[in-house]
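Subject: Structure handover

Hello,

Here is the structure I promised to pass on. Please open it beside this email and follow along.

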Amino acid sequence: MTETTSGTGFGTDWRAWQKSWDRQQEWYMPDREERFRVMLDMVEALVGPEPRVLDLACGTGSITDRLLKRFPKAVSTGVDLDPALLAIAEGTFAGDDRVTFVTADLKDPGWTSQLPHDSYDAVLTATALHWLFSEPLAALYEQLGKIVADGGVFMNADHMPDPTTPRINAADREQRHARQSAAKAAGVLDWADWWGLAANDPVLAEPTAKRFEIYGEHADGDTPPAEWHIRTLREAGFAEARTVWSSPSDALVLGLK
């Protein structure tokens, strides 16, 4: 399925909405599936093929979707605050008793009390926590250090540019923007286009309006380098922490309890 700016939305075809979200995200991150593959490789290597997973800031459930396709005996709890993306996630996985969704604000100190389990084998998140500034992100890591089971893992794939390489960063940014411009000229939806479709859809219009009341138009958090995440995870009680995948602008950091 190809979506363009002339699309009219997908009604209650939740799987189509999720696929549309994935394609929009791939416009920004053509290596998105590669980071998911490495993430699940490490889940299998460290906690096995039947994990209890917390899909943190789950959005439409992209990680949960790939998790269950690869590990049918896994279970997942998706946590998010975005009512529009959660509507898509809940619709996509309706009737699947392996999946539970929780509406919670990760900046609320008590958010973990809403989870159905006290601990998780793996906590996974991708391209979401850059919405937090470093101080609340460090506090979140401290909380995760308490709910990841001994021997369990936390993984965060996100924007983690290296501030010590400004020329490399600039060259990568210029190349990415050129590729994105070419794809957009061919009709690919960007972030604003996708949300425009959601806002005009009879089913998603109301939760989309609520979503923008909560978050506004843009992220206002930080993008510290991978070294910051590694150090902060160790300070939060993870025995080991390191980068297990990276691109010129992003990285996947893993913390092992």
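Two strands pair if DSSP finds at least two bridges between them. Helices (H or I, at least four residues) and strands (E, at least two) are DSSP runs, numbered from the N terminus. Keep both in mind for what follows.

The model is predicted: local features need pLDDT of at least 70, side-chain atom pairs count only at pLDDT 80 or more, and totals for chains, interfaces and linings use all residues. Residues are numbered from 1 along each chain as its sequence is written, and side-chain values use heavy atoms, with hydrogens and water left out.

**The sheet**

Start with the strands. Strands of a sheet pair through backbone hydrogen bonds, either parallel or antiparallel. Here seven strands make an open sheet, in the order β3-β2-β1-β4-β5-β7-β6. The pairing is mixed. β3 (99–103) and β6 (240–246) are the edge strands, and each pairs on one side only. On average, neighbouring strands are turned by 20° against each other, direction ignored.

Now walk through the pairs. β1 and strand β2 (residues 75–80) run parallel and are joined by five bridges. There, valine 53 stands opposite serine 76 of β2. β1 also pairs with β4, again in the parallel sense, over three bridges. Which residue of β4 is the bridge partner of valine 53? It is alanine 122. β4 in turn pairs with β5 in the parallel sense, over six bridges. Alanine 122 has valine 153 as its bridge partner in β5. Methionine 155 has leucine 254 of β7 as its bridge partner.

How covered are these strands? Buried means under 20% relative accessible area, exposed over 50%, and partly exposed in between (1.4 Å probe, protein chains only). In β1, four of the five residues are buried. In β4, six of the seven are buried. Both strands are mostly covered.

Helix α5 (residues 134–147) lies across β1 (52–56), β4 (120–126) and β5. It runs at about 145° to β5. Axes are lines fitted to C-alpha atoms, for helices over the stretch in contact, and angles run from 0 to 180 degrees between N-to-C directions.

**Two loop residues**

Most residues other than glycine have a negative phi, and most peptide bonds are trans. Alanine 57, in the loop between β1 and α3, has a positive phi near 55°. At 21% relative accessibility, alanine 57 counts as partly exposed. Threonine 127 is in the loop between β4 and α5. Its phi is also positive, about 50°. Is threonine 127 buried or exposed? It is buried, at a relative accessible area of 16%.

**Helix pairs**

Two packed helices are described by the angle between their axes and the distance between the axes. Helix α2 (residues 32–47) and helix α3 (residues 62–70) pack at about 55°, with axes 11 Å apart. Angles under 35 degrees count as roughly parallel, over 145 as roughly antiparallel, 65 to 115 as roughly perpendicular and the rest as oblique. α2 and α3 are therefore oblique to each other. Contact means heavy atoms within 4.5 Å. Among the α2 residues in this contact are Phe36, Met39 and Leu40, and α3 brings residues including Ile63 and Leu67. By class, the α2–α3 contact has five nonpolar, one polar and seven charged residues. (Ala, Val, Leu, Ile, Met, Phe, Trp, Tyr, Cys and Pro count as nonpolar, Asp, Glu, Lys and Arg as charged, and the others, Gly among them, as polar.)

The axes of helix α7 (residues 191–199) and helix α8 (residues 205–215) come within 7 Å and cross at roughly 130°. This pair is therefore oblique too. Trp191, Trp195, Ala198 and Ala199 of α7 meet Ala205, Thr208, Arg211 and Phe212 of α8. Those residues divide into six nonpolar, one polar and one charged.

**One more residue**

Finish at leucine 68, in helix α3. Leucine 68 is buried, with a relative accessible area of 7%. Not counting residues up to four places away in sequence, leucine 68 touches Ala74, Phe93, Asp96, Arg98 and Val99. Leucine 68 and arginine 98 are 30 residues apart in sequence, yet 8.6 Å apart in space, C-alpha to C-alpha.

Best wishes
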